[in-house]
Amino acid sequence: MSSSAVASAWRRSLRSALLRGSPWRASAGPSRQASTASASSRAAEAPAAAPYIPPPPRKGMLLTGAMIGLTIAGGAYVSTRDEATLCGLLFKSTELVNPLFALLDAEFAHRLAVSAAAHGFVPREKRPDPPVLGLEVWGRNFTNPIGLAAGFDKNAEAIEGLLGLGFGFVEVGSVTPQPQEGNPKPRIFRLKEHDAVINRCGFNSEGIVVVAKRLGAQHGKRKMEETSSSTSNVKQGGKAGPGILGVNLGKNKTSEDAAADYVQGIHSLSQYADYLVINISSPNTPGLRALQGRKQLRELVKKVHEARDEMQWAEDGPPPLLVKIAPDLTKEDLEDIAAVALSSKLDGLIISNTTIARPPPADAHPLAQEAGGLSGQPLFDSSTRVLSEMYSLTGGTVPLIGCGGVTSGEDAYKKIRSGATLVQLYTALAYGGPALIPRIKAELAECLERDGFKSVREAVGADCKPKKA
């Protein structure tokens, strides 16, 4: 329904509500001004005259008139504004609400944000993305390269609302095979002055069974929409809706067989994913980062590849398989990972997870000594450096997702020029709210057009390629 139709219906229902039981409605009885003859003749028809109703007080009339006037003016405004403008105003209005979240406990604020997205209490992007931002990766069409990193929607509760915010893709998880509480609270700490967060959540997850039910319901809803709607009315996207859905897999803290945990995740969740991520880089699960070694990583990738490929797939084939790595790696570590990625034909790498380092100026913050991984603006330089090195080590043949410290379209552009095909953010959303997303996309489009790039793909790795003489 168009905004003008909504406004008309709104005005009609409002008028009906205002007039229902009002003293100004037409009366069934005679008027006090009628002639005696007319009154007498009507008196024979009616058993009694209608009671006289005095007019409302002057102040009440003024107040009612003012309310009606404001309502009609508001309705007229709604009916005359185009949908794109209204959409922009809704996103802009979140800037007034988002600072209130900073007054709440960090983890409670996070839960509240997820719940709001799950129940549709967030704006929905209805404006098309700039064409320059569109690209194809792994045979999937992304309307823009900006995605939400894993960790926000750990249990796949709010996929539709989050994709509706305008992300090109959303990654849920990390999901562990068995439910686990994670580390003791408090475990999330804001470094507000630096737009950073330290967390030591430890893969708190409701487990594969719960997440599989949610993803199955979302997938079924998508299929029903495709079946019941004509092709022209369905916005093509991924398995969960208009955007692309990634599923991030983790291992349980007490598990002695990491590969078995990831294989279980593959078997249970891969059918609902547009791409899969093996997370071996969280600093909050003991022993997890050891899986980034050459031998351990090669064996792990071999097992999860086999688990994925032994399943039955439709003509679109199995989902791409990515590995998420840490920013705290030596050059030798990166060389090992690059060698495995190339020899094992990994579909992509996510660079990077949070850091155990405390880059300046965050190192001087009173909370800097809290254990856990640091995310946000201070992570940008180190994660982008690792991104650039990995792009060079793989010769640009492995799609990379740049993650870490992105707060603007210019930041996203730098990630792309450093080798990222796609870009993710999370901490910036916690501080900036939904209004950040359209702003980043608009800024990124401006950066690309400013430097003469006709697409995101043209800009990938631009800073890593030899300069033309």
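**A helix crossing and other local features**

Mentor: The crossing of H12 and H14 is right-handed, a term used when the near helix is turned clockwise from the far one by less than a right angle, with left-handed for anticlockwise. This is a predicted model, in which local features need pLDDT of at least 70 and side-chain atom pairs count only at pLDDT 80 or more, while totals for chains, interfaces and linings use all residues. Residues are numbered from 1 along each chain as its sequence is written, and side-chain values use heavy atoms, leaving out hydrogens and water.

Helices (H or I, at least four residues) and strands (E, at least two) are DSSP runs, numbered from the N terminus. Helix H12 covers residues 409-417 and helix H14 residues 436-450; their axes come within 7 Å and cross at roughly 55°. Axes here are lines fitted to C-alpha atoms, for helices over the stretch in contact, with angles from 0 to 180 degrees between N-to-C directions. H12 and H14 are therefore oblique to each other, since angles under 35 degrees count as roughly parallel, over 145 as roughly antiparallel, 65 to 115 as roughly perpendicular and the rest as oblique.

On the H12 side, the contact (heavy atoms within 4.5 Å) is made by Gly409, Glu410, Ala412, Tyr413 and Ile416. H14 contributes Ile440, Glu443, Leu444, Cys447, Leu448 and Arg450. By class, the contact of H12 with H14 has 7 nonpolar, 1 polar and 3 charged residues. Ala, Val, Leu, Ile, Met, Phe, Trp, Tyr, Cys and Pro count as nonpolar, Asp, Glu, Lys and Arg as charged, and the others, Gly among them, as polar.

Now the loops. Alanine 156 is not a glycine, yet has a positive phi of about 55°. Alanine 156 sits in the loop between strand S3 (146-148) and helix H6 (159-164), and is buried, with a relative accessible area of 6%. Buried means under 20% relative accessible area, exposed over 50%, and partly exposed in between (1.4 Å probe, protein chains only). Lysine 345 also has a positive phi, near 55°, and belongs to the loop between helix H10 (331-343) and S10. Lysine 345 is exposed, with a relative accessible area of 66%.

Two peptide bonds deserve a mention. The bond from lysine 185 to proline 186 is cis, with omega near -5°, and proline 186 lies in the loop between strand S4 (169-175) and strand S5 (188-191). The bond from proline 360 to proline 361 is cis, with omega near 5°.
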